Amino acid sequence: MDKSPDAFRTISEAAEELDLPQHVLRFWETRFATIKPLKRGGGRRYYRPEDVLLLKGIRHLLYDQGFTIKGVQRILKDQGSRYVIAVGEGKPIDEILPMLEAAEDAEAEMLLEAPAEVPGVRTLDQSDREKLSDVLRELLDCKRILERAREA
């Protein structure tokens with residue numbers, strides 16, 4: 001059974017989707033600061049849909065366009081990750097922006113649903129969780145506004 005396009009991917013699923021060995025993805029994490037999979041218990045990596053799109057863009061630039069790692073790092077620094085994603089997809093940014101926003105929302109929901117339990121630290125009641133959820137959504141909205149301003 002295939003996962004939903006909004007679902008997070010394990011490193012093996014991401015590697016299979018990108019037709020790359022897992023060690024390449026781990027290596028790329030050390031070379032591209034923008035690749036930051038969510039790490040859960042035991043260090044297990046979960047790639048967001050946006051991460052997979054970024055990896056596709058990086059793969060396209062490295063393997064299909066012949067850029068070096070330093071070249072792709074420069075593109076990410078100068079143009080941003082959304083540009084790399086758009087290049088990898090061959091689509092204009094306006095087409096993939098809603099998909100990126102949906103991925104950010106899914107990430108926020110996942111973080112809020114499964115809080116890490118730390119010994120000696122009290123857990124939040126429902127009211128506190130709702131307040132934090134509202135603040136997180138506001139921060140994500142601010143992030144989107146800033147990213148759009150940078151692209152303009």
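**Aromatic contacts in a predicted chain**

Biologist: Which helix has the lowest mean pLDDT among the elements of the chain, and which the highest?

Modeller: This is a predicted model, where local features need pLDDT of at least 70, side-chain atom pairs count only at pLDDT 80 or more, and totals for chains, interfaces and linings use all residues. Residues are numbered from 1 along each chain as its sequence is written, and side-chain values use heavy atoms, leaving out hydrogens and water. Here pLDDT is the predictor's confidence in each residue, from 0 to 100, and helices are DSSP runs of H or I with at least four residues, numbered from the N terminus. The lowest mean, 61, belongs to helix α6 (residues 93-113), and the highest, 95, to helix α2 (residues 22-31).

Biologist: Happy to follow! How many aromatic pairs does the structure hold?

Modeller: Rings of Phe, Tyr and Trp (its six-membered ring) pair if their centres lie within 6.5 Å; planes under 30 degrees apart are stacked, over 60 edge-to-face, the rest tilted. By that rule, the number of aromatic pairs is 2.

Biologist: Why is the pair of Trp28 and Phe32 edge-to-face?

Modeller: Their ring centres are 6.4 Å apart. The planes of Trp28 and Phe32 meet at 85°, so the pair is edge-to-face.

Biologist: Which parts does the pair of Trp28 and Tyr63 tie together?

Modeller: Trp28 and Tyr63 also pair edge-to-face, at 6.1 Å centre to centre and 65° between the planes. The pair ties together parts 35 residues apart in sequence, because Trp28 lies in helix α2 and Tyr63 in helix α3 (residues 49-64).

Biologist: Is Tyr63 buried or partly exposed?

Modeller: Buried means under 20% relative accessible area, exposed over 50%, partly exposed in between (1.4 Å probe, protein chains only). Trp28, at 3%, is buried. Tyr63 has 44%, so Tyr63 is partly exposed.

Conventions. Helices (H or I, at least four residues) and strands (E, at least two) are DSSP runs, numbered from the N terminus.
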